[in-house]
Amino acid sequence: MKLEELQNIISKKISDEISIDYINVYDYTAQHENHATFEGNYHLSMTLVSPDFETMSLIERHQLVYKALDEYMHGEIHALTMKTLTPVSYTHLTLPTNREV
């Protein structure tokens, strides 16, 4: 499966469960291609922002994502790291800081 197709599937599967304000799925598979155990599956990192996370713990957020992607976690996706953020926490993360020079 091509990366773009998998990224679209990931977005669709997660959006079937929660509303998404922002999603970015980054492929870092190339960092693992020389490993002896590399089998060609994707190593992905995801930033996911949803207002639905407001009432969820970090563990609940990750469980939701893993449940939505379960059928791909044992095949196409070898590893998935994620940041699951509320809109407010994402805004704080992306705002430039004011620093005196």
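Trainee: How many salt bridges does the structure hold?

Mentor: The structure, which is a predicted model, holds two salt bridges. In one of them the side chains of Lys-12 and Asp-16 meet, with 2.7 Å from N to O, and in the other Glu-71 pairs with Lys-13, where the closest N and O atoms are 3.0 Å apart.

Trainee: Where in the chain do Glu-71 and Lys-13 sit?

Mentor: That pair links distant parts of the chain, since Glu-71 belongs to helix α3 (residues 70-73) and Lys-13 to helix α1 (residues 3-15), 58 residues apart.

Trainee: And is Glu-71 buried or exposed?

Mentor: Glu-71 is exposed, because its relative accessible area of 51% lies over the 50% cut-off.

Trainee: How much of the chain counts as buried?

Mentor: Of its 101 residues, 33% count as buried. The accessible surface of the chain comes to about 6,900 Å², and carbon and sulfur atoms account for 50% of that surface.

Trainee: OK, helix α2 next. Which of its residues are buried?

Mentor: In helix α2, which covers residues 58-68, the buried residues include Arg-61, Leu-64, Val-65 and Ala-68. They lie on the same side of α2, because the arc they cover around the axis is only 95 degrees.

Trainee: Which residues are exposed on the other side of α2?

Mentor: Ile-59, Gln-63 and Lys-67 are exposed there.

Trainee: How many residues does the largest nonpolar core have?

Mentor: The largest nonpolar core has 20 residues, and those with the most contacts inside it are Ile-10, Ile-14, Leu-44, Met-46, Val-65, Ile-77 and Leu-80. The elements that give two or more residues to this core are α1, β2, α2, α3 and β3.

Trainee: Take Met-46, then. What is it in contact with, leaving aside neighbours within four places in sequence?

Mentor: With those neighbours left aside, Met-46 is in contact with residues including Ile-10, Ile-14, Val-65 and Leu-80, and also with Ile-23, Asn-24 and Val-25.

Trainee: Changing topic, how many aromatic pairs does a search of the whole structure find?

Mentor: The search finds one aromatic pair. Tyr-22 and Tyr-90 form it, and the pair is stacked, with 5.2 Å centre to centre and 25 degrees between the planes. This pair also links distant parts of the chain, as Tyr-22 is in strand β1 (residues 22-27) and Tyr-90 is in helix α4 (residues 87-94), 68 residues apart.

Trainee: How accessible is Tyr-22?

Mentor: Tyr-22 counts as partly exposed, at 32% relative accessibility, and Tyr-90 is partly exposed as well, with a relative accessible area of 22%.

Key:
Residues are numbered from 1 along each chain as its sequence is written. This is a predicted model: local features need pLDDT of at least 70, side-chain atom pairs count only at pLDDT 80 or more; totals for chains, interfaces and linings use all residues. Side-chain values use heavy atoms; hydrogens and water are left out. Rings of Phe, Tyr and Trp (its six-membered ring) pair if their centres lie within 6.5 Å; planes under 30 degrees apart count as stacked, over 60 as edge-to-face and the rest as tilted. Helices (H or I, at least four residues) and strands (E, at least two) are DSSP runs, numbered from the N terminus. Buried means under 20% relative accessible area, exposed over 50%, partly exposed in between (1.4 Å probe, protein chains only). Accessible areas come from the Shrake-Rupley method with a 1.4 Å probe; for residues, only the protein chains shown count as cover. A salt bridge is a side-chain nitrogen of Lys or Arg within 4 Å of a carboxyl oxygen of Asp or Glu. The arc is that of the directions from the helix axis to the C-beta atoms. A nonpolar core is a set of buried Ala, Val, Leu, Ile, Met, Phe, Trp, Tyr and Cys residues joined through side-chain atoms within 4.5 Å. Contact means heavy atoms within 4.5 Å.
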